[in-house]
Amino acid sequence: MGLYIEAHIRADLDELWDHTQDPARHQRWDVRFTEIGLLPRADGEPQRFRYATRVLPFLTVAGTGVSAGERERPDGTRTSALRFASPHPLSLLAEGSGYWRYVPVADGVRFLTGYDYRPRWGAFGALADRLLFRPLMGWATAWSFDRLRLWLERGITPERARYNWLAELTVRTLVLGLCLTGLVRGSLPGLPGPVTDALAYVCPLLLVVGVSLALFKAPLAGTPAARRCVRTPPAPVRAPRLLRTLEQQS
């Protein structure tokens with residue numbers, strides 16, 4: 001049941017590292033978090049952090065975690081691992097762990113993550129996680145990765161990317177609404193009989209076209225989309241050694 005997300009980002013490895021390791025930048029592109037802040041630490045200890053997510057306008061769920069990174073590896077890749085937990089009773093996510101991998105390729109970086117967590121609330125929480133929360137977390141991670149890609153590749157800030165997504169979502173919703181409510185026989189009273197008959201013939205075709213465009217048309221180039229990310233690992237994956245070391249230390 002672990003989650004896997006991978007994005008191909010055409011950017012410099014150091015630039016990608018900075019945009020993901022700096023909490024101020026991280027919280028801008030990652031929709032899963034509203035706030036990320038580093039906590040004091042002693043020399044030689046893993047970095048501890050605090051995160052918060054605004055679930056509703058009046059409800060914020062917070063937690064803490066510990067992270068460590070390997071910036072220089074013999075094979076040229078980089079790795080970052082973390083463990084996290086939330087004591088908030090309304091947080092479905094109780095505790096978990098995961099990693100980021102940065103794999104340089106000829107035209108950029110394969111940026112990928114694997115993570116898993118333990119839900120709370122017993123059997124109800126496990127069911128809610130399987131049916132709703134886990135798919136939502138997978139979508140949010142992939143959507144955020146693509147928003148990061150747009151920032152690094154095209155210079156579209158996370159704030160602008162969110163606006164683009166909301167605008168396109170609004171247009172798609174309006175088109176879908178028009179198809180379901182406006183393009184039906186008799187929806188335009190007062191028209192002559194031949195016009196109404198013509199609409200009755202054309203409307204089913206328009207309905208199919210409109211619904212297809214609203215639901216299946218590829219997102220615009222400047223709009224973040226989870227569908228652009230790989231959601232299944234191309235080969236069996238193992239958690240990095242850094243994560244196992246972090247688990248032993250925390």
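**Reading the chain and two of its residues**

A: The model is a predicted one. A reading may begin with the elements: the chain contains six helices and seven strands. Starting at the N terminus, their order is β-α-α-β-β-β-β-β-β-α-α-α-α.

Q: What percentage of the 250 residues in the chain is buried?

A: Burial is judged from relative accessible area, and buried means under 20%. Here, buried residues form 39% of the 250 residues. The accessible surface of the chain amounts to about 14300 Å², and carbon and sulfur atoms contribute 62% of that surface.

Q: Is Thr 113 buried or exposed?

A: A value under 20% counts as buried. Thr 113 has a relative accessible area of 3%, and it is therefore buried. Thr 113 belongs to strand β7, which spans residues 108-119. A polar atom of the Thr 113 side chain lies 2.8 Å from the backbone oxygen of Tyr 99. Beyond its neighbours within four places in sequence, Thr 113 has contacts that include Leu 3, Tyr 99, Trp 100 and Phe 145.

Q: Is Leu 38 buried or exposed?

A: Exposed means over 50%. Leu 38 has a relative accessibility of 51%, so it counts as exposed. Leu 38 is part of strand β2, residues 35-38.

Q: Which residues does Leu 38 contact, leaving aside its neighbours within four places in sequence?

A: They are Pro 23, Gln 47, Arg 48 and Phe 49. Pro 23 and Leu 38 are 15 residues apart along the chain, and 7.4 Å separates their C-alpha atoms.

Methods: Residues are numbered from 1 along each chain as its sequence is written. This is a predicted model: local features need pLDDT of at least 70, side-chain atom pairs count only at pLDDT 80 or more; totals for chains, interfaces and linings use all residues. Side-chain values use heavy atoms; hydrogens and water are left out. Helices (H or I, at least four residues) and strands (E, at least two) are DSSP runs, numbered from the N terminus. Buried means under 20% relative accessible area, exposed over 50%, partly exposed in between (1.4 Å probe, protein chains only). Contact means heavy atoms within 4.5 Å. Accessible areas come from the Shrake-Rupley method with a 1.4 Å probe; for residues, only the protein chains shown count as cover. A polar contact is a pair of N or O atoms within 3.5 Å; within protein, one must be able to donate a hydrogen and the other to accept it, and residues adjacent in sequence count only if both atoms are side-chain atoms.
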